[in-house]
Amino acid sequence: PPAATGEPAEPTEVMTEPATEPATEPATEPAASGEPKVLRLSGGASDFGTIDPALATQSAEIQIAETTSLGVVRQNETTAEIELAMATGYEVSDDGLTYTVDIMDNVPWVHYNADSGAVEVVKDCSGNDRMVTAQDFVYGITRTIDPATASDYAYALLPYIAGAAEFNDSTNTDPASVGVRAVDENTIEYTFTAPAVYNLNLLGLWIAHATPQWLIEGDDCTEAAADRWTEQEFFQGYGPYILKEWVHDSNLTLIKNPFWPGNETVPQAKIDEIQFRFLDASPALAEFDAGNLDITGIPAEEWDRIHADPAYTDMIRPVYTLGTEWYGFNTKLAPTDDQRVRLALSLAIDRDLLVRQVVKGGIPARFFTNPGAAGAPKPEQYPDGGVSYDPERAQELLNEYLTEKNLSAEDLQITLMANSSEGNQQTGEAIVGMWNEVLGIDVTFVTQERAVYLDTRTEGKENIYRNSWVQDYPDANNFLFDVFGLNAAFTDVVDWPINVGLNTSEEYTEGDNPNFDRFTELLQQAANEQDQQARMDLYAEAEQILLVDEAVVAPLYWYSDDILIPPEIQDTESITGYDHWEKWDIQR
């Protein structure tokens, strides 16, 4: 969105959420009653890369960060609407640029003590309880956008928080120049660059959570843990759960925080522990069948068997998530440096067949933006928009390219890369088969363990990369501007054909690519457009540039799947991609 001009107005109350009444004293640990309630889950095929709120980028990592700490607000998992979390209320200035937020005053920082086997309140250098303060939230944001932190997700704040971009590029090195300040111990003032409709959502992102400065940087009584602060022997948090154990590449356990006082939207937890084991889909199903796992996905090869078996009937649950599975093209490497090749590859993917026979779930995606997001173009309203299976057009485009370059399909060397999992393997093999059948191209398919893959993807030495995007807030701006705008989430993965070379310091100059300029203009207009149909039209035109005119992205499917969950697990269904486990219960 364009930067606001002039000085921000003094805040006046134009919108205030009803304040929740916090308990007057921190909660004390309840007396034990019977066996502890333990929820057993799979954390995926490989270990979490980090649980540091400033550094987490993958959904599984973000889930842990959002459980062990809280933002001032957060999304309701069932409706995706914003609700209070650490905040008790907020005010917005008349110009929509300044948000003044009051936070709970009775929430302590806690740590799990392995020696005592208990969660304990963290003490300051004077022996007093360390309570979560406004300054902890200020530090959380300034640390995220500090260039020394090298947060991959800083981009989600830089265009929106006043002074954030200048602090991140070291134009201004004073943290006080950033538009977030502690008015007092329990009041935070946030200043934005524009009165966008999604500003409040940004304040709830994990990258804006309170963070323990004394633990990371050290103080008079605490040795600086620096990057090690998220390891189990150091970790401190304040959410409804806290880290108990993390054995890398094996398991991670969260334990209930008895000192979280609870409020109307974030209650005290009922489940005592949440245990994760790092398992791929098939071994996870085997552990579920053996009674050692409480929830699991359904591998594609087991889909028909499980849906036909009456023993699973009351355990199958459909799940819809506001996210998109997609492939991104490297436009700096031949032959995907040519728009015709990229579009041919996208048009040669039979998304309906992929969803029906391979993925056994999902919704074929003609657009990148999930239609559940605000402003997203709905397929039924734009029947000719986006991309869909068109083998004849795909062949025409590729033949045109091959004739011009005096090449044959056998001459093309293309590599598709994905992080290793059973699902990614099956999807990749199916799409490589489609490309061979429709275009006569033999594409090399390579998988790597998640952490290695993420580094490889950033290096950009191959043609096509598997990607996933799950909403941070349910708006088309988060799918398009935050992912594909200049210096956004995937500018080091998906390169527009502009003067921004991969791993270079080149700057983009307006006019280098008219399509990109138009894409940016459309997103800026849509961010401030109040008419919903007009906003949708703007995003639909932007999608056409992204998927067809430049063809830097091939959307595959929107997330919709079935999971197995027994009736004794009393959960709340989520469309946001993240669960609020403190609302769950187990009745075995």
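View 1. At 0% relative accessibility, Tyr-238 is buried (under 20% relative accessible area; exposed is over 50% and partly exposed in between, with a 1.4 Å probe and protein chains only). Phe-137 is buried too, with a relative accessible area of 0%. The ring centres of Phe-137 and Tyr-238 are 6.4 Å apart and the planes stand at 70°, so this pair is edge-to-face. Rings of Phe, Tyr and Trp (its six-membered ring) pair if their centres lie within 6.5 Å; planes under 30 degrees apart are stacked, over 60 edge-to-face, and the rest tilted. Phe-137 belongs to helix 2 (residues 134-145) and Tyr-238 to the loop between helix 5 (213-217) and strand 10 (241-247), so the pair ties together parts 101 residues apart in sequence. Helices (H or I, at least four residues) and strands (E, at least two) are DSSP runs, numbered from the N terminus.

The model is predicted: local features need pLDDT of at least 70, side-chain atom pairs count only at pLDDT 80 or more, and totals for chains, interfaces and linings use all residues. Residues are numbered from 1 along each chain as its sequence is written, and side-chain values use heavy atoms, without hydrogens and water.

**View 2. Aromatic pairs, with Tyr-99 and Phe-192 as one of them.** The whole structure holds 23 aromatic pairs. In the pair of Tyr-99 and Phe-192, the centres lie 5.3 Å apart with the planes at 75°, so it is edge-to-face. Tyr-99 is buried at 8% relative accessible area, and Phe-192 is buried at 2%.

**View 3. An aromatic cluster.** Phe-48, Phe-276, Phe-278 and Trp-581 are linked into a cluster by ring pairs.
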